[in-house]
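I would ask you to keep the structure in view while I speak.

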Amino acid sequence: MDLDCQNASRGVWLVKVPKYISQRWQIQKPMTEIGQLNITKNPKGQMEVLFNLSEQVIKADLTADSSQTTASASDATNITTIPTEHIFAISDIQHQTLAIFSQDENNKLAIEGQVVQKGECRPIGNEIYMRLKKETIKMASQPTKVVQKIDRAINNFKPINVQIENDIKRKNETKKMRDDKETVQNILFAAFEKHQYYNIKDLERITKQPVPYLKEILKEICNYNSKNPHKNMWELKPQFRHYKEVKSES
């Protein structure tokens, strides 16, 4: 994998910004001034960073970009004035090694620099920020589905009981058509060539015929065994049997 390391030694800041800022930055043209940093030190010697958004970013119209107008939070930040002044909360990254990578339209990777400072951009809690949060919460709490009252009933289909529908479907699936009597007999004869005894469930599965109709045919060509060892089994009547006799060895 090719990696462009030309800017590997460059120091960069990694800063997390609020959503209303990132939305406006994404629609800005290249080389547009987005704000100004003011870096000072307090009496304790600690670094303080103030960030002021530019006028062009503050007045950016999110409705000009369709990708920014879907979320309710975006609507709130579009109709409400956003905070101008922000502070950077700096984090300690002495025990971390971070870098920034980029990828062009040809999927070529490049390292843009090493992170030398990490922080979070936070708005100053003034009246403008509180008004923005209020509008954001209000827009987010609005229901996505609205109940609409109609003055007449609209029936595009006739309602049917689910149980009745399932019963009809089950009956249609299990309903068996009667085949010709001779056809059923041929199926039975072929089955009894393989085995001498069958129960009614197996014969029903083989012939796919209704049980009452199947029993009518069985009574004509078969005998029903009511005693052991083949109790509740059907076998062909003697005149229909064509079993080969096994010769006993002398």
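This is a predicted model: local features need pLDDT of at least 70, side-chain atom pairs count only at pLDDT 80 or more; totals for chains, interfaces and linings use all residues.

**Helix 8 and its surroundings**

I begin with helix 8, in which the buried residues are Tyr213, Leu214, Ile217, Leu218 and Ile221. How are these buried residues arranged when seen down the axis of helix 8? They fall within an arc of 135°, so they line one face of the helix. On the face turned away from that buried side, helix 8 carries the exposed residues Pro212 and Lys219.

Against what do the buried residues of helix 8 pack? Their partners are helix 6, helix 7 (200–207), strand 8 and strand 9.

Let us take helix 7 from that list. Two packed helices are described by the angle between their axes and the distance between the axes. Helix 7 and helix 8 pack at an angle of about 105°, and their axes are 11 Å apart. Angles of 65 to 115 degrees count as roughly perpendicular, and helix 7 and helix 8 are therefore roughly perpendicular to each other. On the side of helix 7, the contact is made by Ile200, Leu203, Glu204 and Thr207. Helix 8 contributes Val211, Leu214, Lys215 and Leu218 to this contact.

I turn now to the interior. In soluble globular proteins, nonpolar side chains tend to be buried together. The largest nonpolar core in this model has 14 residues, and the members that touch the most others are Leu188, Phe192, Leu203, Leu218 and Cys222. At least two residues of this core come from each of helix 6 (181–192), helix 8 (211–221) and strand 9 (233–236). Which element gives the most to this core? Helix 8 does, with 5 residues.

Leaving aside neighbours within four places in sequence, Leu188 is in contact with Leu203, Thr207, Leu214, Ile217, Leu218 and Ile221. Apart from this core lies another one, of 11 residues, which includes Ile21, Val49, Ile82 and Cys121.

Ile21 brings us to helix 1 (residues 19–26), where Tyr20, Ile21, Gln23 and Arg24 are buried. Seen down the axis of helix 1, the buried residues fall within an arc of 160°, so they line one face of the helix.

**Paired strands**

Next, the strands. Strand 3 (residues 35–41) and strand 4 (residues 47–53) run antiparallel and are joined by 7 bridges. Along this pairing, Lys41 stands opposite Met47 of strand 4, and Asn38 stands opposite Leu50 of strand 4. The hairpin of strand 3 and strand 4 has 5 residues between the strands, and there Gly45 takes a positive phi near 85°.

Strand 4 is also joined to strand 5 (residues 85–91), by 4 bridges, and these two strands run antiparallel. Here the bridge partner of Asn52 is Glu85 in strand 5.

Asn225 belongs to strand 8 (residues 222–225). Is Asn225 buried or exposed? With the limit for burial set at under 20%, Asn225 counts as buried because its relative accessibility is 17%. Leaving aside neighbours within four places in sequence, Asn225 is in contact with Tyr197, His230, Lys231, Asn232, Met233 and Glu235.

Between strand 8 and strand 9 there is a loop that contains Pro229. A cis peptide bond, with omega about 10°, joins Asn228 and Pro229.

**Two further backbone angles**

Most residues other than glycine have a negative phi, and most peptide bonds are trans. Which values of phi do we find at Met31 and Asn107? Met31 has a positive phi, near 65°, and is placed in the loop between helix 1 and strand 3. With a relative accessible area of 84%, Met31 is exposed. Asn107 also has a positive phi near 65°; its place is the loop between strand 6 (99–103) and strand 7 (109–123). Asn107 counts as exposed, at 56% relative accessibility.

**The chain as a whole**

I close with the overall figures. The protein chain has 8 helices and 9 strands. Of its 250 residues, 24% are buried. Among contacts in the chain with a separation of 6 or more, 64% are between residues 24 or more positions apart. Thank you for your attention.

How values were computed. Residues are numbered from 1 along each chain as its sequence is written. Side-chain values use heavy atoms; hydrogens and water are left out. A nonpolar core is a set of buried Ala, Val, Leu, Ile, Met, Phe, Trp, Tyr and Cys residues joined through side-chain atoms within 4.5 Å. Buried means under 20% relative accessible area, exposed over 50%, partly exposed in between (1.4 Å probe, protein chains only). Contact means heavy atoms within 4.5 Å. Two strands pair if DSSP finds at least two bridges between them. The arc is that of the directions from the helix axis to the C-beta atoms. Axes are lines fitted to C-alpha atoms, for helices over the stretch in contact, and angles run from 0 to 180 degrees between N-to-C directions. Angles under 35 degrees count as roughly parallel, over 145 as roughly antiparallel, 65 to 115 as roughly perpendicular and the rest as oblique.
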